[in-house]
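Q: How do I read burial and pairing in a structure? Please take me through an example.

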Amino acid sequence: MGLSVNQLIHWGFSDTKIFFTSFGNCVAIDNNASRGVASPPNAQAGKPPILSIDNLAVSYGAVAALRGVSIHVNEGELVSVVGPNGAGKSTLMHAISGTVRPDAGEITFAGQSISTLPTETRVRKGIALVPEGRGVFPALTVAENLLIGAVTRLGNQAAVRIATERVLDFFPILRERQGQPAGRLSGGEQQQLAIARALLSEPRILLLDEPSLGLAVRIIDEVYLILEQLNRDGVSVLVVEQSVMRAFAAAQRTYVLRNGLVELEGRPHDLVSSERLEAAYFGFARQQSPSL
Ligand SMILES: Nc1ncnc2c1ncn2[C@@H]1O[C@H](COP(=O)(O)OP(=O)(O)OP(=O)(O)O)[C@@H](O)[C@H]1O
Ligand SMILES: [Mg+2]
């Protein structure tokens, strides 16, 4: 990878030397790093899973994207899945939301198998995806984009209005910009819009595919504060990221996905202090950090 120190930013946890590229990709982890990553207390550890994925396999023709993945999210938990390009993160999100069909395996939500249900039914049951790249419609106004998220309530205008107001209370910038085309929003504002749109279906679990992609560090901080607040308010969250650090700092549990397989699972604090993390993420254990 050969990145120089100049290409790195110090993440800002006191007493740590964890370095990431400006897009948040992990490039080196100091042995003392675990001091800086205090996993949030996991009060949800003993709760039943709201989402269970067992032995999930998905392929695109000859390409095996997921090769027997098992993960779960407990009720009220914030879980992250990290992995490099092509690990299968987006495929996992699409399989949960129902936009790709698994070859094998089982997806259970709130105690019921949803493996064969169409996407719209999964949304109605409480699964909402904020897709990679946000998926906002740039030519539509902010209000029109939000209305798309309220599709499960169309026909009940009062319910749409109440839900929209509640979401706009949470995202004041979107209230100010309601009449503007979404394409004129900044990247961070578009990410807020994508999350707000997902919230309009009142999800029990929010799936987010690389919400930090392409955003400045300060904006990523704001997005993650929003996710943590939603989680405190009772929404279960499953977030996938290439950025190890960001996903580790927020999550109560983390999975490392690579080549369509779960390589590692645990509390972020334990994983950061584990020598196996780099091997799981990169696929090889480096002898030294070449650029530090
Ligand atoms: N529509 C598709 N057709 C064929 N192959 C695909 C398709 N979508 C994904 N793949 C392949 O499946 C594998 C997993 O892709 P996926 O997009 O799930 O990875 P990812 O972890 O989300 O990667 P990234 O970090 O780049 O977003 C990759 O090898 C990818 O090339
Ligand atoms: Mg992806």
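Q: What covers the buried residues of helix H3?
A: Helices (H or I, at least four residues) and strands (E, at least two) are DSSP runs, numbered from the N terminus. A residue is buried if 20 or more other C-beta atoms, placed from the backbone, lie within 10 Å of its own, exposed if 12 or fewer, and partly exposed in between. Two residues are in contact if their C-beta atoms, placed from the backbone, lie within 7 Å. Here the cover of H3 includes helix H4 (157-170), helix H5 (172-176) and helix H6 (187-199). The model is predicted: local features need pLDDT of at least 70, side-chain atom pairs count only at pLDDT 80 or more, and totals for chains, interfaces and linings use all residues. Residues are numbered from 1 along each chain as its sequence is written, while chains are lettered from A and ligands numbered from 1 in the order in which they are written.

Q: Which residues of H3 are buried?
A: In H3 (residues 142-149) they are Val-142, Asn-145, Leu-146 and Gly-149. Seen down the axis of H3, they fall within an arc of 100° (taken from the directions from the helix axis to the C-beta atoms), so they line one face of the helix.

Q: Which strands pair with S12?
A: Two strands pair if DSSP finds at least two bridges between them. Strand S6 (residues 78-82) runs parallel to S12, joined by four bridges. Strand S13 (residues 261-266) is antiparallel to S12, with five bridges.

Q: Why is S12 largely enclosed?
A: Six of the six residues of S12 (residues 253-258) are buried, so the rest of the structure largely encloses the strand.
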